[in-house]
Amino acid sequence: MLKFIRGKGQQPTAERQKLQKDLFAFRKTVQHGFPNKPTAFAWDPSLRLMIIGTTSGAIKVFGRPGVEFYGQHSSESGENAVTKIVAIPNEGRIVSLCDDNSLHLWEINENSVVETKSLSLEGKLKKISAICLESSGEHLLLGAEGGNIYLLNLKTFAVPDNIIYQDVVMQNVPDDYKKNPGAVEAIAEQPGHPDNILIGYNRGLMVLWNKATPGAQQVKLLEIKFSEKSRAYGSM
């Protein structure tokens, strides 16, 4: 075949050039089936869509039978695993978080999932450890390993200055609880009270925080008790 394409050392004719293009042309393949190595999951109850992120940075969206969309994170440093996914209900939009601490906004169209915006938070203290979508759908609450909570505006995809600082939260709790609580592990909005959010910290401190006041409504310290057998096992 190569001998025929090279034309025995002669200049290739138009027919041979066309044949070369046909034989060695790049053809795009399609993505089908359940994604390999899933690492994050989300569900849109309004549109009834299941969204899956993978260790290779792929985004797969499944709907009713025959509805399947695919997207891929682009990164200069290589593949970044998707660690968290949030579906914005009834809008066909998705926010993904990758292990390089970058946030990505996606839109689902008729043919695919398209990335429209992205944002990276720099610094170890801003490493995102928890995410919560406001019931209004206007912001994402981003809990960080440094203990602060940042607000991500979903329209501008920017982080404004109204940060919930851990130091401010700790000033509003009783003296018995004023210890370093560690990273933000979980955030949840109180049903029926959108101004109240429950913040769970790494070292067991739970704070019901009012964003409008602002101030702590309730505080609870969860103490983890280990049995003698588990302590002995941990010391091995």
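Colleague: Which side chain makes a polar contact of 3.0 Å with the side chain of Ser 96?
Modeller: This is a predicted model, where local features need pLDDT of at least 70, side-chain atom pairs count only at pLDDT 80 or more, and totals for chains, interfaces and linings use all residues. Residues are numbered from 1 along each chain as its sequence is written, and side-chain values use heavy atoms, without hydrogens or water. A polar contact is an N or O pair within 3.5 Å, one able to donate a hydrogen and the other to accept it; residues adjacent in sequence count only if both atoms are side-chain atoms. At 3.0 Å, the partner of Ser 96 is Trp 106.

Colleague: How far apart is the polar contact between the side chains of Ser 96 and His 73?
Modeller: Ser 96 lies in strand β6, residues 93-98; a strand is a DSSP run (E) of at least two residues, numbered from the N terminus. The polar contact of Ser 96 with His 73 is 2.7 Å.

Colleague: Is Ser 96 buried or exposed?
Modeller: Buried means under 20% relative accessible area, exposed over 50%, partly exposed in between (1.4 Å probe, protein chains only). Ser 96 has 1%, so the residue is buried.

Colleague: Which are the edge strands of the open sheet?
Modeller: Four strands run in the order β12-β13-β14-β15, with antiparallel pairing. Strands pair if DSSP finds at least two bridges between them. Those pairing on one side only are β12 and β15.

Colleague: Which residue in β15 stands opposite Leu 205?
Modeller: β14 and β15 pair over six bridges. Opposite Leu 205 stands Leu 221.
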